[in-house]
Amino acid sequence: AKLEAERQQKIAASEEALKQFEAGSVQVASKWLVDQTSSVTWFPAAPQSMNASNGASLVQLADRSIRASGKADKGTYTLTFRTPLRKIRGLRLETLPDETIKGGGAGLSPNGNFVITEIEADAAPVAMPNEKQKVAFASAKADFSQASFAPEQLIDGQAKDQQGWAVHPKTGLVHWVTLQTKDPIDVEGGALVTIRIQQFHNAEDHRLGRFRISFAIDEGEIGLGIPEEFAALASLPEEARNAESLKSLLSYLKVSDKQWQDLQSAVATAQQPLPEDTQLVALREQIKALEVLTSDDRKLVQLRTDFEASKQQIAHRRLTLAQDLTWALINSPAFLFNH
């Protein structure tokens with residue numbers, strides 16, 4: 001009873017701490033926007049053409065994102081962008097959750113996950129589309145990565161291996177990865193940039209369902225930054241920031257912010273039931289052992305059988321005498337000789 005009372009106190013204290021933190025979650029989100037916002041400017045791009053080698057249907061939406069539907073076999077999404085941007089140094093891929101997808105995430109799998117095994121790119125002048133030059137990437141950064149599926153595996157040159165970038169178990173949220181080029185894509189008169197999103201992991205249906213591509217031309221290091229949706233929230237005035245307007249960001253931070261996660265873990269730990277008393281467990285095991293019936297001794301079982309047979313003989317003396325007489329005749333030499 002004492003331990004249970006202490007447990008209830010811990011539950012109440014941890015729940016109150018979480019409640020107090022969540023009461024100030026709008027301020028936490030605002031601070032996160034300030035801390036994460038970088039000076040890099042991203043330009044969302046609309047593809048001039050796109051196709052999927054696995055037969056999936058690719059459709060561009062109003063926000064310049066692309067939705068895939070239909071087939072979800074292994075394959076490659078190939079997208080070509082015509083852009084007037086000069087000295088492109090960064091490429092960003094946002095994976096966007098979509099309620100129209102069965103898993104509710106950015107992937108076509110039942111749990112909303114995806115695995116991108118490689119991202120490749122090449123560039124050519126608009127006037128000479130066949131003069132393509134391969135784009136080499138220097139680094140890759142992601143806001144979150146599934147265990148053993150780091151973003152660096154997107155640029156390791158292994159398009160059809162079983163590595164890549166994935167985001168399980170945080171599948172119902174926006175995620176993004178940024179790639180920095182080794183050399184800028186700089187084509188006078190505009191460039192045709194072709195991006196190939198390779199998806200050859202063996203996991204069934206683990207292909208992208210909705211995503212968006214953006215370019216950056218800033219000099220220096222291209223950091224991770226924040227996705228378009230959160231960048232729009234950063235422009236909101238302080239008086240307009242509330243739980244409703246920041247709903248998407250708060251959902252993201254609830255499973256991404258370390259302090260928020262620690263407080264939730266503390267509540268879950270406090271709510272764990274108390275372990276059973278060791279002496280009580282030992283007594284129950286002893287009772288269970290004692291409830292097992294001891295088997296009878298074999299000699300005793302034989303004696304009981306013999307005793308029951310003797311009782312039958314005593315109860316039927318005429319039959320017993322007839323049996324004895326029969327056995328005497330059967331075993332006599334004269335009987336055996338004649339019969």
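A residue counts as buried when its relative accessible area is under 20%, as exposed over 50%, and as partly exposed in between (1.4 Å probe, protein chains only). The model here is predicted: local features need pLDDT of at least 70, side-chain atom pairs count only at pLDDT 80 or more, and totals for chains, interfaces and linings use all residues. Residues are numbered from 1 along each chain as its sequence is written, and side-chain values use heavy atoms, with hydrogens and water left out.

Start at Asp 98. Its place is the loop between β6 (88-95) and β7 (118-125). Strands are DSSP runs of E of at least two residues, helices are runs of H or I of at least four, and both are numbered from the N terminus. Asp 98 has 3% relative accessibility, so it is buried. Setting aside neighbours within four places in sequence, Asp 98 is in contact (heavy atoms within 4.5 Å) with Arg 67, Gly 104, Gly 105 and Arg 210.

Now the core. A nonpolar core is a set of buried Ala, Val, Leu, Ile, Met, Phe, Trp, Tyr and Cys residues joined through side-chain atoms within 4.5 Å. The largest one has 42 residues. Among those with the most contacts inside it are Tyr 77, Ile 195 and Phe 215. Strand β11 (191-199) is one of the elements that give two or more residues to this core. With four residues, β11 gives the most. Ile 195 touches residues including Tyr 77, Leu 91, Ile 119 and Phe 215, not counting those up to four places away in sequence. A second, separate core has 21 residues, including Leu 33 and Phe 230.
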